[in-house]
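Student: Could we go through the side-chain contacts in this model? I would like to begin with the aromatic rings and then turn to the charged groups.

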Amino acid sequence: MVFFLKSLSRSVHDQEHHHEPVAEAEVETRINDGTCTSLTVWRKSLLISCNGFTVINSCGDLVYRVDNYIDRPDELVLMDGSGKSILTMRRRKKLGVLVHNWFVYEGEAGNYCATNKLSKKPIWCVRKNINILQTNHNVLAYVFRGSTDRRHSFVIEGSYTRRSCKVIGGSRKVLAEIKRKEAMVEGISYGVEVFVLNVEPGFDPGFAMGLLLILDQMFP
């Protein structure tokens, strides 16, 4: 498994960028020095009994992981390579019914208190675009800061099922992009299970991965 991840990552990033790989500890530096962060996303958990994701850098080092024991969970926890919780994504309930909105919490979301509210407040809210009257059908979802903002901070456009979508900020600037990998390397076909997440400088790769996880639930 480890050998496959390392060879897969190096093959993807060598073809995409043609530069020497950087160590895992240098990822944060790359965000600050104006260089795009490129990660390989494998739609598979490292645990045999789980569904999830495995995310590796250009050296084949594990940087993010997701392990789900059920197929379509209402809660997703993004962990770093050591298993520490970075973000928790929870599907919103309205009047006891699940809706197409997801809340993003820093670290672990915590438990419900006596008033049936979480002990933490969400830092982001992702709302699926279900407005059939909207002229731009390319919009997948809107991202709002917190749970009360009425004006979105980012918009996600494209097609997640085709592994071709972008997170767009102000002035239509692309902040992160999911790209499908079509190449054949050592007889392995990538298909839609292995793809690339490119994150522009200044945009948090962990948050970009959190948005990817929500899209995977919205558009199975």
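Predicted model: local features only at pLDDT ≥ 70, side-chain atom pairs only at ≥ 80, totals over all residues.

Student: How many aromatic pairs does the structure hold?

Tutor: There are seven aromatic pairs. In one of them, the ring centres of phenylalanine 103 and tyrosine 105 are 6.5 Å apart with the planes at 85 degrees, so this pair is edge-to-face.

Student: Are phenylalanine 103 and tyrosine 105 buried or exposed?

Tutor: Phenylalanine 103 is buried, with a relative accessible area of 15%. Tyrosine 105 is buried as well, at 4%.

Student: What about the rings of tryptophan 124 and phenylalanine 154?

Tutor: Their centres lie 5.5 Å apart and their planes are at 40 degrees, so the pair is tilted. The pair links distant parts of the chain, since tryptophan 124 belongs to strand E7 and phenylalanine 154 to strand E9, 30 residues apart. Tryptophan 124 is buried at 10% relative accessibility, and phenylalanine 154 is buried at 13%.

Student: Which residues do ring pairs link into a cluster?

Tutor: The cluster consists of Trp124, Phe154, Phe203 and Phe207.

Student: Moving on to charges: which ring does the charged end of lysine 128 sit over?

Tutor: It sits over the ring of phenylalanine 219, 4.9 Å from the ring centre. Arginine 163 likewise lies over the face of tyrosine 160, at 4.3 Å from the ring centre.

Student: And how many salt bridges are there?

Tutor: The structure holds five salt bridges. One of them joins the side chains of glutamate 193 and arginine 43, at 3.8 Å from N to O. Both residues lie in loops, glutamate 193 between strands E13 and E14 and arginine 43 between strands E1 and E2, so the pair ties together parts that are 150 residues apart in sequence.

Student: Which residues are linked with Arg43 in a network of salt bridges?

Tutor: Glu193 and Asp216 are linked with Arg43 in that network.

Student: Where do arginine 90 and glutamate 75 lie?

Tutor: The side chains of arginine 90 and glutamate 75 meet in a salt bridge of 2.1 Å, N to O. Arginine 90 is in strand E5 and glutamate 75 in strand E4, 15 residues apart. Arginine 90 is buried, with a relative accessible area of 13%, whereas glutamate 75 is partly exposed at 32%.

Student: What does glutamate 157 form with arginine 172?

Tutor: They form a salt bridge, with the closest N and O atoms 2.9 Å apart. Glutamate 157 is buried at 9% relative accessible area, while arginine 172 counts as exposed at 52%.

Notes
Residues numbered from 1 in each chain as written. Heavy atoms only, no water. Phe/Tyr/Trp six-rings, centres within 6.5 Å; stacked < 30°, edge-to-face > 60°. Buried < 20%, exposed > 50% of the residue type's maximum accessible area, 1.4 Å probe, protein only. Helix = DSSP H or I, 4+ residues; strand = E, 2+ residues; numbered from the N terminus. Lys NZ or Arg CZ within 6 Å of the ring centre and 35° of its normal. Salt bridge = Lys/Arg side-chain N within 4 Å of Asp/Glu carboxyl O.
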